[in-house]
Structure formats: C-alpha cells, structure tokens
Amino acid sequence: MTVRAKKHLGQHFLTDKNAANRIVNALQNEGRFEKVLEVGPGMGILSDILLEKKEYSTWLIDIDAESVQYLKEKYPELGDRLILGDFLNLDFKKLFDEKIAIIGNFPYNISSQILFKVLEERDQVVEVVGMFQKEVAQRCVASPGTKEYGILSVFLQAYFKLEYLFTIKAGAFNPPPKVLSGVIRLERNQIEKLDCDEKLFWQVVKAGFNQRRKTLRNALSSLINKEAMKENSFLELRAERLSVQDFVTLTNAISETR
C-alpha cells in the first residue's frame with residue numbers, strides 16, 4: 001500500500017532519506033523535551049528515524065485518513081500516539097502535560113497557520129524543526145530592514161531563537177513542488193511574557209505591517225494619541241525598520257499616552 005499525495009492537502013512527500021536524517025538530527029533535545037509531535041507524517045520517512053530515537057517518545061498527527069491507515073499498519077506499536085486530526089485544532093493541554101518539540105514537512109498552503117499555532121502553544125512548545133516553502137522560511141528568520149521581515153518574523157523572534165538550516169530541492173519530493181524548500185529550527189527563548197501589553201503589541205505589529213509602505217505614524221493612526229506621540233521617533237519609520245525590542249518600546253509608549 002502507498003499513500004496518494006493529495007493536492008488539496010498540499011502534500012509533497014519527502015523521498016530523500018539523507019534529507020530526512022538531516023531534519024530529524026536537527027532536533028537538539030538536551031533534556032528539554034520528552035515528546036516529539038510530527039505533523040503530517042505522510043508515509044513516514046521522518047517517522048522511521050524518529051521512532052529509532054530513545055531519548056524521546058514520538059507522536060504523529062495527520063489530517064489524511066489514508067495516511068493514518070497506512071501508518072497504523074506500518075507502526076502498530078504506536079497505538080494512541082498516532083492521531084487522525086487537524087494539528088491547527090489540537091488541544092495541547094489535554095494531550096500533553098510536559099514540554100514538547102514539533103517536527104514536520106509542513107504543507108505549504110497552511111505554513112503561516114502552523115506557525116501561529118506554535119505561537120499560541122509557546123508555553124509547551126520548546127523547539128520546532130520544520131520544512132517550509134523557502135520564502136516562508138526566509139521570512140521567519142529575516143532581520144529588520146529587509147523586505148522579507150514582517151509580522152511572522154517579529155512574532156516568532158519575540159519568543160524563539162530562529163536559525164535557517166538548509167535548503168532542499170524539488171527533486172527530493174514526490175510529487176516535486178514548484179518551489180524550493182527551507183528547513184528552519186525554532187528554540188524557545190527565556191521570555192515568558194513580553195515587557196509590555198502583549199495584546200497591544202500584537203495589534204501594533206499587525207497594523208504596522210498591514211500598511212508597510214506607510215510610516216508608523218500613518219499606519220498606527222487608529223491606535224495612537226497623535227498629539228501625545230508627536231515627538232516619538234519610531235513613528236517616522238516604517239514597520240520593517242523596528243526590531244522586536246523597538247516594538248516593545250513603542251507599545252509601552254502608546255500604552256502610556258492613551
């Protein structure tokens with residue numbers, strides 16, 4: 001039995017075992033997690049390697065019933081650790097009561113949603129090794145002042161240390177995608193809570209990048225007290241010029257003048 005790659009699920013199965021080994025070995029456990037959740041295992045090329053590891057227990061989740069049936073037959077020992085379900089709706093606290101890592105060849109059509117789900121679950125997720133469309137991977141790790149730097153870059157870098165690991169060519173997949181893939185690693189940093197109103201921080205970042213060609217004075221006009229903030233130098237810049245810490249500082253300035 002083989003699993004048919006389904007276009008509507010954005011499936012491109014990795015077939016390069018060398019690439020699979022590099023992805024799995026990019027996990028840096030060092031005692032920080034006891035469980036690894038693989039998202040979208042497909043036919044199990046990463047799972048084969050993960051299940052050989054003894055330093056953590058491996059869980060799999062896939063929304064594709066055909067894939068899950070195939071994996072049940074391939075790994076009968078997994079039992080409840082093989083989940084038919086949608087990662088985006090997974091109740092982490094119900095399933096895991098400890099720190100976990102996430103790994104996967106993530107479907108390109110929902111990459112941003114996957115990363116926002118990781119952000120939601122940042123209290124439990126201490127590490128992620130993931131393969132994304134190369135452009136998305138580059139956006140995640142982008143530095144201030146570059147055209148790739150955006151909402152995802154700021155939110156992820158607020159809570160995680162990110163590293164672009166390597167690029168994988170289309171020929172390593174079946175069917176081959178029309179784009180290159182990039183593998184990145186996210187490691188949870190020590191910041192439990194930002195030193196500002198986090199809800200306002202998210203609003204400021206989103207509003208700033210939603211109109212990224214405008215200066216922040218114009219992009220944030222609905223959020224700021226224009227008179228009280230008229231001397232703030234950050235407002236003369238575009239969102240892409242500000243680091244995470246700059247956004248924290250700006251958020252506090254907005255809070256204080258409301």
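Helices here are DSSP runs of H or I with at least four residues, strands are runs of E with at least two, and both are numbered from the N terminus. Everything below comes from a predicted model, where local features need pLDDT of at least 70, side-chain atom pairs count only at pLDDT 80 or more, and totals for chains, interfaces and linings use all residues. Residues are numbered from 1 along each chain as its sequence is written, and side-chain values use heavy atoms, with hydrogens and water left out.

View 1. Leu14 is found in strand E1 (residues 13-14). With a relative accessible area of 7%, Leu14 is buried (buried means under 20% relative accessible area, exposed over 50%, partly exposed in between, using a 1.4 Å probe and protein chains only). Leaving aside residues up to four places away in sequence, Leu14 touches Ala19, Ala20, Ile23, Ile45, Leu46, Asn105, Met131, Ala172 and Phe173 (contact means heavy atoms within 4.5 Å). Take Leu46: it sits 32 residues from Leu14 along the chain, yet their C-alpha atoms are separated by 8.5 Å.

View 2. Rings of Phe, Tyr and Trp (its six-membered ring) pair if their centres lie within 6.5 Å; planes under 30 degrees apart count as stacked, over 60 as edge-to-face and the rest as tilted. By this rule the model has eleven aromatic pairs. One of them is Phe116 with Trp202, a tilted pair at 6.5 Å centre to centre and 50° between the planes. Phe116 belongs to helix H5 (residues 111-120) and Trp202 to helix H8 (residues 198-210), so this pair links distant parts of the chain, 86 residues apart. Phe116 has a relative accessible area of 27%, so it counts as partly exposed. Phe209 and Phe247 make another tilted pair, with 6.0 Å between centres and 40° between planes. Phe209 is in helix H8 and Phe247 in helix H10 (residues 244-256), so the pair ties together parts 38 residues apart in sequence. Both Phe209 and Phe247 are buried.

**View 3. An aromatic cluster, and charges over rings.** Trp59, Phe87, Phe92 and Phe96 form one aromatic cluster. Elsewhere, the charged end of Arg122 sits over the ring of Tyr159, 4.0 Å from its centre. Arg188 does likewise with Phe160, its charged end lying over the ring at 5.8 Å from the centre. The rule for a charge over a ring is NZ of Lys or CZ of Arg within 6 Å of the ring centre and within 35 degrees of the ring normal.

**View 4. The buried face of helix H6.** Which residues of helix H6 (residues 134-141) are buried? They are Val136, Ala137 and Cys140. Looking down the axis of H6, its buried residues fall within an arc of 100°, so they line one face of the helix (the arc is that of the directions from the helix axis to the C-beta atoms). The cover over these buried residues includes H5, strand E6 (125-133), helix H7 (151-159), strand E7 (160-168) and strand E9 (181-188).

View 5. The whole structure has twelve salt bridges (a side-chain nitrogen of Lys or Arg within 4 Å of a carboxyl oxygen of Asp or Glu). Glu98 and Lys35 meet through their side chains at 3.4 Å, N to O. Glu98 lies in the loop between helix H4 (92-95) and strand E5 (100-105), and Lys35 in strand E2 (residues 35-39), so the pair ties together parts 63 residues apart in sequence. Glu98 and Lys35 are both buried. Glu198 forms a salt bridge with Arg122, with 3.9 Å between the closest N and O atoms. Here Glu198 is in helix H8 and Arg122 in the loop between H5 and E6, so the bridge joins parts 76 residues apart in sequence. Both Glu198 and Arg122 are buried too.

**View 6. A salt-bridge network.** Arg32, Glu127, Glu163, Arg185 and Glu187 are linked in a network of salt bridges. Within it, the side chains of Glu187 and Arg185 meet at 3.6 Å, N to O. Glu187 counts as buried at 14% relative accessibility, and Arg185 at 8%.

**View 7. A cis peptide bond.** Asn174 and Pro175 are joined by a cis peptide bond, with omega about -10°. Pro175 lies in the loop between strand E8 (173-174) and E9.
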